[in-house]
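Here's a quick tour for anyone meeting this model for the first time.

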Amino acid sequence: QVQEGAFTPNIIYRDDEPVEYAVLPLTQYGQEYHCQTFESVSEMLETYYASKEILTRIRQKSSDLRRIVQTALERNRKKLILQQKQMKDTAKKDKYKVYGELINTYGYGLEDGCKSFKALNYYTITIPMDPAMTPGENSKKYFDRYGKLKRTEEALTEQIADTEAEIEHLESISNALDIARAENDLSQIKEELTEYGYIKKHYTNKKGQKAQAKSKPFHYISSDGFDIFVGKNNYQNDE
């Protein structure tokens, strides 16, 4: 082929990203890659490096957005670990409720100043007592602990659900950054981050400024001939 000048300028792509180019067919790539051929070597090279430059510019612009998303993810993951640990601590609440009930039931004969007493609750249980308190005050102390932990558990259940939802949302934005291929893709992601308060809103659009072209979802055609549209971000998926 080389001796006969039978060249086939081509670029190998993974999705929209150029991976390699050559003047002879490249056959070592699998099904996840596709090939585009060109009339000349010059056209091939111009297309390859222009595409690479666009992707490099997009990745540079997305780095700031990615840093914002990553910071928010790390903060929420740490918050979730703390909330789950606090939730684990609320498991003690039922023990304090039982302590309070048993003191009320069996503690009528106790003298003030005792440090503990044993009561039967299916099995013998030893209940610590504060000797500086009366049996009634000890009972109230345990009921107060139970009530506080019960309220904490209810609040944490809601907070954990909110934190998990926020982590899931941020991960979906991170995925959208991974597949962004154009500046208008990034503008929609930035708009979403601004709407949810991760980026401060700035009114910088000047009057008469040309509007940026709207990002479009991926478009595929199934083997049965159906149109399939896949959003590049949450906005497009909602649409």
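Predicted model: local features only at pLDDT ≥ 70, side-chain atom pairs only at ≥ 80, totals over all residues.

A polar contact is a pair of N or O atoms within 3.5 Å; within protein, one must be able to donate a hydrogen and the other to accept it. Keep that cut-off in mind for threonine 157, where a polar atom of the side chain lies 2.8 Å from the backbone oxygen of glutamate 153.

- You'll find threonine 157 in helix H3, which covers residues 135-179.
- Threonine 157 counts as partly exposed, because its relative accessibility is 47%.
- Glutamine 83 is 74 residues away from threonine 157 along the chain, yet the C-alpha atoms of the two are separated by 8.9 Å.

- Serine 62 has its place in helix H1.
- The relative accessible area of serine 62 is 5%, so this residue is buried.
- At 3.0 Å, the side chain of serine 62 reaches the backbone oxygen of arginine 59.

**How the helices pack**

- Start with helix H2 (residues 93-106) and H3: their axes come within 8 Å and cross at roughly 155°.
- That angle makes H2 roughly antiparallel to H3, because anything over 145 degrees counts that way.
- The H2 and H3 crossing is left-handed.
- Next up are helix H1 (residues 41-89) and helix H4 (residues 183-195), with axes that come within 10 Å and cross at roughly 15°.
- So H1 is roughly parallel to H4, since angles under 35 degrees count as roughly parallel.
- H1 passes H4 in a crossing that is left-handed.
- Then there's H3 with H4: the axes are 10 Å apart, and the two helices pack at an angle of about 165°.
- H3 and H4 are therefore roughly antiparallel to each other.
- H3 and H4 also have a left-handed crossing.

**Aromatic rings**

- How many aromatic pairs does the structure hold? There are 8 aromatic pairs in it.
- One of them joins tyrosine 29 and tyrosine 33: the ring centres are 4.9 Å apart and the planes sit at 55°, so this pair is tilted.
- Tyrosine 48 and tyrosine 49 make an edge-to-face pair, at 5.0 Å centre to centre with 85° between the planes.
- Ring pairs also link Tyr48 and Tyr49 with Tyr21 into a cluster.

**Charges over rings**

- Lysine 141 has its charged end over the ring of tyrosine 142, 4.8 Å from the ring centre.
- Arginine 145 does something along those lines with tyrosine 96: the charged end of arginine 145 sits over that ring, 5.1 Å from its centre.

**Two loop residues**

- Which loop holds aspartate 15? Aspartate 15 lies in the loop between strand S1 (10-14) and S2.
- Most residues other than glycine have a negative phi.
- Aspartate 15 has a positive phi of about 55°, although it is not a glycine.
- Aspartate 15 is also exposed, because its relative accessible area is 53% and the cut-off for exposed is over 50%.
- Glutamate 32 is in the loop between strand S2 (17-22) and strand S3 (33-37).
- With a relative accessibility of 52%, glutamate 32 counts as exposed.
- Glutamate 32 and arginine 151 are 119 residues apart along the chain, and their C-alpha atoms are separated by 53 Å.

**Asparagine 234 in helix H5**

- Asparagine 234 is found in helix H5, made up of residues 234-238.
- The relative accessibility of asparagine 234 is 18%, so this residue counts as buried; the cut-off for buried is under 20%.
- Asparagine 234 and leucine 193 are 41 residues apart along the chain, with 11 Å separating their C-alpha atoms.

Notes:
Residues numbered from 1 in each chain as written. Heavy atoms only, no water. Helix = DSSP H or I, 4+ residues; strand = E, 2+ residues; numbered from the N terminus. Buried < 20%, exposed > 50% of the residue type's maximum accessible area, 1.4 Å probe, protein only. Phe/Tyr/Trp six-rings, centres within 6.5 Å; stacked < 30°, edge-to-face > 60°. Lys NZ or Arg CZ within 6 Å of the ring centre and 35° of its normal. Axes fitted to C-alpha atoms, helices over the stretch in contact; angles between N-to-C directions. Parallel < 35°, antiparallel > 145°, perpendicular 65-115°, else oblique. Left-handed = near helix turned anticlockwise from the far one by under 90°.
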